[in-house]
Amino acid sequence: QVQLVESGGGLVQAGDSLSLSCAASGLRLSRYSMAWFRQAPGKEREFVARTGWTGSSILYIDSVKGRFTISRDNAKNTVYLQMNSVKPEDTAVYYCAAGGSGRKVETYDYWGQGTQVTVSS
C-alpha cells in the first residue's frame, strides 16, 4: 500500500521559514517525479514545485521562485519543501504527490493527506 505522509506544517509569521517533509512508503521514490501542491480555502489546488526522479527538471510556480526549494533524498524515500520568507498568501494545506507530469493535478497518481501551513501577517 502506497502512503505519502507530510509533516512540518504549522503557524508561522510572515518572513519566517518552514520546512515540509513528505515520507513515502510502499513505493520507491527514486522512480517517481515528485511535486508539492497547495490548496487555500475556497480555491482550487495549485501546483507549487516539482522535481524529476533524479532531482533534475525542477519547476516552481512563479510566486514562490527564489523563496521555496524542493529537494529529495531518494535514500530516505523523502521529498522536502524548504519555505523561506513566507507570506500570508502562502497559507494553505500543502500536499505532496508522486508520479505525475509537470504542473497538472490530474496527472499525479499518489497523494498525501496534507499538512496545514498558516502564515500570520
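Author: In this predicted model, the largest nonpolar core has 33 residues, and those that touch the most other members are Leu20, Trp36, Val48, Phe68, Leu81, Met83 and Tyr94. At least two residues of this core come from each of the strands S3 (18-25), S4 (34-39), S5 (46-51), S7 (68-73), S8 (78-83), S9 (92-98) and S11, and S9, with five residues, gives the most. In soluble globular proteins, nonpolar side chains tend to be buried together.

With a relative accessible area of 10%, under the 20% limit, Thr115 counts as buried. A polar atom of the Thr115 side chain lies 3.2 Å from the backbone nitrogen of Gly9, and the contacts of Thr115 beyond four places in sequence also include Glu6, Ser7, Gly8, Leu20 and Ala92.

As for the strands themselves, an open sheet is formed by four of them in the order S1-S3-S8-S7, with antiparallel pairing; S1 (3-7) and S7 are the edge strands, each pairing on one side only, and from one strand to the next the twist averages 15°. Within this sheet, S3 and S8 are joined over six bridges in the antiparallel sense, and Cys22 has Val79 in S8 as its bridge partner.

Key:
Residues are numbered from 1 along each chain as its sequence is written. This is a predicted model: local features need pLDDT of at least 70, side-chain atom pairs count only at pLDDT 80 or more; totals for chains, interfaces and linings use all residues. Side-chain values use heavy atoms; hydrogens and water are left out. Buried means under 20% relative accessible area, exposed over 50%, partly exposed in between (1.4 Å probe, protein chains only). A polar contact is a pair of N or O atoms within 3.5 Å; within protein, one must be able to donate a hydrogen and the other to accept it, and residues adjacent in sequence count only if both atoms are side-chain atoms. Contact means heavy atoms within 4.5 Å. A nonpolar core is a set of buried Ala, Val, Leu, Ile, Met, Phe, Trp, Tyr and Cys residues joined through side-chain atoms within 4.5 Å. Helices (H or I, at least four residues) and strands (E, at least two) are DSSP runs, numbered from the N terminus. Two strands pair if DSSP finds at least two bridges between them. Axes are lines fitted to C-alpha atoms, for helices over the stretch in contact, and angles run from 0 to 180 degrees between N-to-C directions.
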